[in-house]
Structures are given as structure tokens and as C-alpha cells.
Amino acid sequence: MKLGVSSYCFRGLMNSGEMDLIAVLDWVAASPAGHIEIAGLDGEYYLEHEDVVRDTAKHAEEVGVPIVNYLVSGDLRTADENEIDRLRRQLDVAHRFGARIFRHDVAPWSWREQDPGEFETTFEKVVEGCRAVADHAAELGIVSTIENHGFFMNGSDRLARLVHAVDRPNFRVTLDLGNGLCVGEVPGKTAAGLIDIAASIGVKDFHIRRSAGDGWLKTLAGDYLLGTISGHGDVDLSGLLALVATKPDVPVSLEFEGLESTPDAIERSLNNILRLAGAA
């Protein structure tokens with residue numbers, strides 16, 4: 001298994017100024033992780049700071065930590081040309097990072113259609129926008145992906161349908177093993193439905209409850225989720241990792257989003273994933 005880590009795990013330390021991407025790369029180089037994915041997500045920081053992208057790519061090569069994926073936000077509900085152009089420019093950032101996989105959203109995280117008709121009309125526009133982005137990605141030798149993320153484009157059936165409709169050989173999925181829970185899908189169904197079209201895989205763990213206090217995410221199924229150290233939660237990681245093992249060339253990245261202190265929690269998660277994968 002090609003196990004790495006997402007820079008998203010370090011978002012709190014990066015936001016506080018305690019770490020930057022160079023420091024994150026140094027941490028990863030000394031850790032059990034073998035690669036990094038860079039989460040640009042909301043904001044245009046890396047679009048606006050070519051020097052940071054250049055220096056990061058250079059340092060990643062120096063310390064032997066490949067940048068495999070670059071993740072950004074996106075809103076293709078109307079296939080707006082300005083948004084498509086922004087995503088094309090973000091693809092150029094991915095290319096400068098040296099990433100060969102690019103992940104973009106197609107709607108705000110919390111948005112959900114009001115009825116089936118709105119879904120169908122929005123889906124048509126999303127297909128149009130994803131094709132335009134994937135076509136530019138192909139020019140750069142990059143695989144463009146959509147993650148099962150948020151409340152709209154989530155669930156294995158919706159993502160598989162989107163990949164089929166976009167119909168581009170370089171348009172695939174960044175498969176998050178836990179995110180299907182947000183829309184009431186059990187992780188085993190998510191993984192089984194998307195593993196064959198996955199270009200990259202994200203691992204996280206959750207505590208899952210039927211009732212909870214503040215700070216927990218309520219799913220469409222009425223459950224409550226709280227991120228935690230991988231191996232400490234209720235997700236069947238050993239079973240999921242056994243399925244992941246059937247795709248040994250697909251990069252796998254930890255996405256830690258729990259309340260526990262980092263970077264100790266990140267290292268514990270990585271070690272637990274390796275242990276569970278070895279026992280699977």
C-alpha cells in the first residue's frame with residue numbers, strides 16, 4: 001500500500017503559523033508516510049503565490065516526498081465559465097507542484113438539491129463543467145477527480161454515474177472511505193462501488209452515534225459523526241483496507257480531522273493504518 005498523508009491533517013498548525021508546507025514536508029519525510037497530497041481547498045493562496053508552489057515542489061523533491069494530489073474547492077452547478085477558468089488555473093498549480101492527480105468539488109460542501117428535478121438539471125451542468133476541466137487536465141498529463149464529499153455529489157451511485165456521464169479517460173474519483181456516511185451510505189458500499197474508478201484514496205475514521213452534543217456532524221441518516229484517530233473509531237478500517245489492498249498502485253492518504261492533538265494523532269493514525277492493513 002502506498003500510504004501518505006494529506007496536508008489537511010495539519011490545517012490547524014498551518015492556520016496558526018506554527019507550520020508551513022516546508023515544515024509539513026519535513027515532518028512527512030521523517031514519518032511512516034511516503035507521499036503528501038496538498039489541500040488548497042477554499043481560497044486562492046497557491047494561485048496567488050507561485051513562489052510558494054515553486055519552493056514547495058523543489059523541497060518535496062529534495063526530501064523525497066512526492067506530491068501526488070492537489071485538492072481545491074469548486075462550484076460547477078451552473079458550469080460558469082469563470083469558475084471553469086479558475087479550475088483550469090488551479091490545474092496549472094497542480095502541474096507546477098508536480099502532482100499527477102487533481103481533485104475539485106462541484107458544489108459547496110453543505111448544498112443539497114431540493115428535489116429530483118433540481119438534481120437532474122444541476123447534474124447536466126456539472127457534467128459539462130467536469131468535462132471542460134478534465135480536458136485541460138489531459139493536456140497537462142493529469143487525472144482530474146471528484147471526491148465523494150459533502151451532501152450533493154456523495155454516495156457511490158452518484159459518483160459512478162458522474163464518471164460515466166463525463167466519459168473522459170482521465171476523469172476518475174478521489175475515494176474517501178468514510179465520507180459516504182454523511183449521506184447515510186455505509187463505508188463498505190462506498191468503497192465497493194468506487195474502488196474500480198478510484199485514482200486516489202483517502203482514509204479517515206469516525207466515532208458514530210445515534211445522538212450527540214455540540215461539535216458532531218449530523219448525517220442525512222440521522223447519525224452523528226466525530227472525526228478521530230484512525231483505528232480509534234467505529235469505521236471498519238481493516239475490512240476497507242483489505243479492499244484497498246486489491247489496488248496496490250493507487251495512492252492512499254490519511255485525512256485526520258479529529259479533536260486530538262496533532263502531530264501525535266497523525267503519526268498514531270498512520271501507524272494504525274499500517275498495522276490494520278498488515279493484518280487485513
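Okay, some ground rules before we start. What you see is a predicted model, where local features need pLDDT of at least 70, side-chain atom pairs count only at pLDDT 80 or more, and totals for chains, interfaces and linings use all residues. Residues are numbered from 1 along each chain as its sequence is written, and side-chain values use heavy atoms, with hydrogens and water left out. When I say H or E, I mean DSSP runs numbered from the N terminus: helices (H or I) have at least four residues, strands (E) at least two.

Let's start with the barrel. It is closed, has eight strands in the order E1-E2-E3-E4-E5-E6-E7-E11, and the pairing is parallel. By pairing I mean that DSSP finds at least two bridges between two strands. On average, neighbouring strands of this sheet are turned by 25° against each other, ignoring direction.

Now look at E3, residues 67-72. Six of its six residues are buried, and buried here means under 20% relative accessible area, with exposed over 50% and partly exposed in between, using a 1.4 Å probe and protein chains only.

Leaving out residues up to four places away in sequence, Glu37 touches Val5, Ser6, Ser7, Val68, Asn69, Leu71 and Ser253; touching, or contact, means heavy atoms within 4.5 Å. Leu71 is 34 residues along the chain from Glu37, yet their C-alpha atoms are separated by 7.6 Å.

Helix H7, residues 156-166, lies across both strands and runs at about 165° to E6. Those angles run from 0 to 180 degrees between N-to-C directions, and axes are lines fitted to C-alpha atoms, for helices over the stretch in contact.

On to the helix pair. H2 (residues 21-29) and H4 (residues 50-63) pack at about 15°, with axes 10 Å apart. On the H2 side you have Leu21, Ile22, Leu25, Asp26 and Ala29, meeting Asp55, Thr56, His59, Ala60 and Val63 in H4.

Ala60 is worth a click. Its relative accessible area is 5%, so Ala60 is buried. Ala60 touches Leu25, Val65 and Ile67, again skipping residues up to four places away in sequence. Ala60 and Ala29 sit 31 residues apart in sequence and 8.9 Å apart in space, C-alpha to C-alpha.

Most residues other than glycine have a negative phi, and most peptide bonds are trans. Where is the cis peptide bond? Go to Thr262 to Pro263, with omega near 5°; Pro263 is in the loop between E11 (252-254) and H10 (264-279). Then there are positive phi values: Ala79 is near 50°, and Asp167 is near 55°. Ala79, in the loop between E3 and H5 (81-97), is buried at 9%. Asp167, in the loop between H7 and E6, is exposed at 57%.
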